[in-house]
Amino acid sequence: MPLFGPGPEDEADVDREIRIEKIERELEDLSGGSMTSGNFGETSPSLEEAFLTRVCEFEKAPYDTNFNRLLHCGAEMTPPAELDDPNLHAKLHDVLCALAKIRCFVENTDHLTDRELYTWLWSEGLREETPDLSQLGGAWHMSPIGSGNEEDTAIFLKYYASKKERRRWQEEFPNDALPPRCLLPYDRDRNLPRPE
C-alpha cells in the first residue's frame, strides 16, 4: 500500500465509479427522466458496470418490426390467404428459420395450427416494433400467448403450465377458474430453431 495517495487499484475503482455514474446519467436521459432502477443485493462494481452498459446498448438499439427486418434480409412474405396449406407449411418453416437468423425465436406455438401461427405472425407477431438485438449478441423471444391478457393466460394454464405453476396460480388467484389441463394438439415447438 502506498504511503501517499491512492494506489492503482483505488484509482481503477474511482474510474469505474465515474463510468457507472456517466452510464446512469445517459440512461436517465434516454428514459426522459423516468428511469427506475434497483439492485439485486450485493454486486461487484465490474458486474454493475457491465450490466448498465448492456442496458444502455439495448436502449440505444434501433427499433423496427421483425416483418421489415425479414424483408430487408430478402425473405418473401406472402399473405396467409394467398397460400394453400402445403405452401403455407413451407412458408411458415422459411419464416421461422429466417427469424432465427435475425436472433428472434418463437415459442409456445403447439396449440395453434400452422395457418393460425402464420396468420398470427403475419398480422401481429411480426408487426411489433422491437430493438434490433442482432448486433448486441442477444435474442428476442416471442410467443402468441405472450401478451399476458386473460385469454393468453388461460391458454398457458390449459396447455403449457406445469402442475406446480397451475397450483401456484390457484393459490395466488383462488377466485379465478382454472381451465382443465389439455394435451397440446400439435408438436412443433421442440423442432423450432433455438438460440445456441
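Keep in mind that the model is predicted. The search turns up seven salt bridges and zero disulfides. There's also a patch of negative charge on the surface.

**Salt bridges**

- Side chains of opposite charge can pair when their charged atoms come close.
- Glu49 pairs up with Arg16, and their closest N and O atoms sit 2.8 Å apart.
- Glu49 is buried, at 13% relative accessible area, while Arg16 is partly exposed at 22%.
- Asp85 and Arg115 make another salt bridge, with 2.9 Å between the closest N and O atoms. Asp85 belongs to helix α4 and Arg115 to helix α5, so this pair ties together parts that are 30 residues apart in sequence.
- Asp85 counts as exposed, with 52% relative accessibility, whereas Arg115 is partly exposed at 28%.
- Asp114 meets Arg188 in a salt bridge too, at 2.9 Å from N to O.

**Negative patch**

- Six residues to look for on the surface are Asp13, Asp15, Glu17, Glu21, Glu24 and Glu48, which gather in a patch of negative charge.
- Helix α1 (residues 8-30) gives the most to this patch, with five residues.
- Glu24 is found in helix α1 and is partly exposed, with a relative accessible area of 30%.

**Cysteines**

- A search of the whole structure comes back with zero disulfides. Cys73 is in none, and its nearest cysteine sulfur, that of Cys104, is 12 Å away.
- Cys97 has its closest cysteine sulfur in Cys104 as well, 13 Å off, which is too far for a bond.
- Cys73 counts as exposed at 55% relative accessibility, and Cys97 as partly exposed at 29%.

- Arg103 isn't a glycine, yet it has a positive phi of about 70°. You'll find Arg103 in the loop between α4 (85-101) and β2 (104-106).
- Asn108 also has a positive phi without being a glycine, this one at about 60°. Asn108 lies in the loop between β2 and α5 (114-125), and counts as partly exposed at 22% relative accessibility.

Notes:
Residues are numbered from 1 along each chain as its sequence is written. This is a predicted model: local features need pLDDT of at least 70, side-chain atom pairs count only at pLDDT 80 or more; totals for chains, interfaces and linings use all residues. Side-chain values use heavy atoms; hydrogens and water are left out. Helices (H or I, at least four residues) and strands (E, at least two) are DSSP runs, numbered from the N terminus. Buried means under 20% relative accessible area, exposed over 50%, partly exposed in between (1.4 Å probe, protein chains only). Patches are made of residues with over 30% relative accessible area and no salt bridge: like charges are joined within 9 Å, nonpolar side chains (Val, Leu, Ile, Met, Phe, Trp, Tyr) within 5 Å. Accessible areas come from the Shrake-Rupley method with a 1.4 Å probe; for residues, only the protein chains shown count as cover. A salt bridge is a side-chain nitrogen of Lys or Arg within 4 Å of a carboxyl oxygen of Asp or Glu. Lys and Arg count as positive and Asp and Glu as negative; His and the chain ends are not counted. The place of a charge is taken as NZ of Lys, CZ of Arg, CG of Asp or CD of Glu. A disulfide is a pair of cysteine sulfur atoms within 2.5 Å.
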